[in-house]
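Let's work through a few exercises together. Have a look at the structure first, then try each task before you read its solution.

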Amino acid sequence: MKMKRILAAAVAAVMALGLAACSSSKSSGSSGSSEAEGEVPTVGVLIYKYDDTYISTVRNAIETALDGKAEIIMQDGKGDQATQNDQLDVMIEKGVDVLCVNMVDAKAAQGVVDKAKEAGIPTIFFNREPDTDVIKSYEKAIFIGTNAADAGKMQGDIIKDLFDTHPEYDLNGDGAIQYVMFQGEPDNPEAIARTQYSVEQAEADGCTMERIGEIQVCNWDTEQAQRAMEALLAANEGKIELVIANNDGMAIGCIAALSNIGYNVEGGDKFIPVIGVDATDAAKEAIAKGTMSATVLQDGEAMGNAIASVALNAAAGEDFLAGTDYTLDDTGVAVRIPYAPYTA
Ligand code: CA
């Protein structure tokens, strides 16, 4: 019995070695041997969850940009950091030439950096931002994202324009904007920045902002936001003058709650402005129908293209930004893809 188990372990070890040998013969970067004609690098992509509209745009852009230039191994973390850690181990074992990592939990990034560093694999974090110190702890790590404050500031500017253009949105005519806030996650730096800067920018633009209720943390999720908005409306119908959401997914949930009681219906006469971030297809459709006011465009395609260019450089042993127009921000380890406002 014991013998059998040892034998099984030995067979498994041989199989693992066999796999490693196979993948390193396909991809040259980590082995250091010269690359044969026509061979392409292997790019490992870890996604926090496939079921995220914005990230889907980024994924598609990465696949399109790397088509014919690299072999892609992509995995769905399904919103679970432990799952993503396992996927990382498998990719490292397979000997990918470069890792592109969309963390489930950005606070777990040090573990990813440590493993990548030990294996000598260049690592591009994107979308969900690890602490700068974590990125700096590995000379072959970089972050590609947005400037978290920008999306919020653009929402703030949009709020000012909306209420200037539509004084009737001030339902009680008190000159202040009574708003409700929908936040992505409690500890996500991007979410916190959007929540903070949207209101601060609107105030800097001259608006008086008054929040109704607590900040509604709805995990970027449409259905959670719909339920929270239903509860807010039950207690405050007629008092809410604006809905600010950290993303379009939650904004769409709020619109569903509003439409259930006759607000924000296409062609209807009762309307509360709702603004989001991402410019998802659903949001653009709602804006076109007039059931949503505005969003902020997070350019997933530009993000995907940047990740692909930087990954190819890293796989070829070049500097991350060699031959590109991208520049590092003042942290020295991050590239920022700009946002743009999107209104009807
Ligand atoms: Ca008011």
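**Exercise 1.** Find out how much space lies in the largest cavity, and what lines it.

*Solution.* Step 1: about 220 Å³ of space lies in the largest cavity. A cavity here is a set of points, on a 1 Å grid over the protein atoms alone, where a 1.4 Å probe fits but cannot get out; the volume is the space filled by probe spheres set on the points, which are joined across faces, edges and corners.

Before going on, note that this is a predicted model, where local features need pLDDT of at least 70 and side-chain atom pairs count only at pLDDT 80 or more, while totals for chains, interfaces and linings use all residues. Residues are numbered from 1 along each chain as its sequence is written, and side-chain values use heavy atoms, with hydrogens and water left out.

Step 1: count the cavities of 30 Å³ or more, and you get one.

Step 2: look at the lining, meaning residues with an atom within 4 Å of a point. There are 15 of them, and Asn127, Arg128, Arg194, Trp220 and Gln298 lie nearest the centre. Helix 7 (189–204) and helix 2 (53–66) each give at least two lining residues, with helix 7 giving the largest share, three. Helices are DSSP runs of H or I with at least four residues, strands are runs of E with at least two, and both are numbered from the N terminus.

**Exercise 2.** Work out how helix 3 and helix 4 pack, and which residues meet.

*Solution.* Step 1: helix 3 (residues 81–94) and helix 4 (residues 109–119) pack at an angle of about 5 degrees, their axes 11 Å apart. Axes are lines fitted to C-alpha atoms, for helices over the stretch in contact, and angles run from 0 to 180 degrees between N-to-C directions.

Step 1: the two helices are therefore roughly parallel (an angle under 35 degrees).

Step 2: from helix 3, Asn85, Leu88, Asp89 and Ile92 meet Val112, Lys115, Ala116 and Ala119 of helix 4; contact means heavy atoms within 4.5 Å.

Definitions and conventions: Angles under 35 degrees count as roughly parallel, over 145 as roughly antiparallel, 65 to 115 as roughly perpendicular and the rest as oblique. On a 1 Å grid over the protein atoms alone, a cavity is a set of points where a 1.4 Å probe fits but cannot get out, and a pocket is an open set with protein on both sides within 12 Å along at least five of seven lines; lining residues have an atom within 4 Å of a point.
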